[in-house]
Amino acid sequence: EDDDEDDDDAAMDDDVDDSDAEEEAMHRQELLAEAKGAAVPTVATTPVAKKKAAKAKKTPQQKEAEEQKELALSMMSKKEARLYKQIMHGKKIKDEEKQKLARKRKAHAAETAAATQRKSKRNR
């Protein structure tokens, strides 16, 4: 049993070492870029970091509109706010479905065009 635990610990240590090595490499790159005076693009990997990155890219008009929406939502009763959130969730789901279908349609069109080209080449 002790050997199994040691193996598990060693495997976890390897995972930690890999992530530490990656962090070290990223840190070195950042320091080198900083020394050169260049901006280092940071990669948002967690959902919270992605939201912060998206928020940072917004224009002042977008920020103002978002603040107004938040204020309006905070002024609603609990019942109205829940209903509003449900409506927005439904719209988001529908939009995602539309985008998914559009991607499929585009892929199918490209596939059909490629097949048509292959047929025309064979018929020559």
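Student: So how do the elements run from the N terminus on?
Tutor: They go α-α-α-α. This is a predicted model, with 4 helices and 0 strands in the chain.

Student: Where is confidence lowest, and where is it highest?
Tutor: Helix H1, residues 2-36, is lowest with a mean of 67, while helix H4, residues 78-122, is highest at 93. For the chain, the mean pLDDT is 81, and 78% of residues reach 70 or more. Where pLDDT is low, the predicted coordinates should not be read in detail.

Student: Which residues make a nonpolar surface patch?
Tutor: Leu83, Tyr84, Ile87 and Met88 make one of about 330 Å². Met88 sits in helix H4.

Student: And why does Met88 count as partly exposed?
Tutor: Because its relative accessibility is 30%, and partly exposed covers what lies between under 20% (buried) and over 50% (exposed).

Student: Switching to charges: how many salt bridges does the count come to?
Tutor: It comes to 1. The side chains of Lys58 and Glu66 meet there, 2.2 Å from N to O. Side chains of opposite charge can pair when their charged atoms come close.

Student: Where do those two stand on accessibility, Lys58 and Glu66?
Tutor: Lys58 is partly exposed at 27% relative accessible area. Glu66 is partly exposed too, at 22%.

Technical notes
Residues are numbered from 1 along each chain as its sequence is written. This is a predicted model: local features need pLDDT of at least 70, side-chain atom pairs count only at pLDDT 80 or more; totals for chains, interfaces and linings use all residues. Side-chain values use heavy atoms; hydrogens and water are left out. Helices (H or I, at least four residues) and strands (E, at least two) are DSSP runs, numbered from the N terminus. pLDDT is the predictor's confidence in each residue, from 0 to 100. Patches are made of residues with over 30% relative accessible area and no salt bridge: like charges are joined within 9 Å, nonpolar side chains (Val, Leu, Ile, Met, Phe, Trp, Tyr) within 5 Å. Accessible areas come from the Shrake-Rupley method with a 1.4 Å probe; for residues, only the protein chains shown count as cover. A salt bridge is a side-chain nitrogen of Lys or Arg within 4 Å of a carboxyl oxygen of Asp or Glu. Buried means under 20% relative accessible area, exposed over 50%, partly exposed in between (1.4 Å probe, protein chains only).
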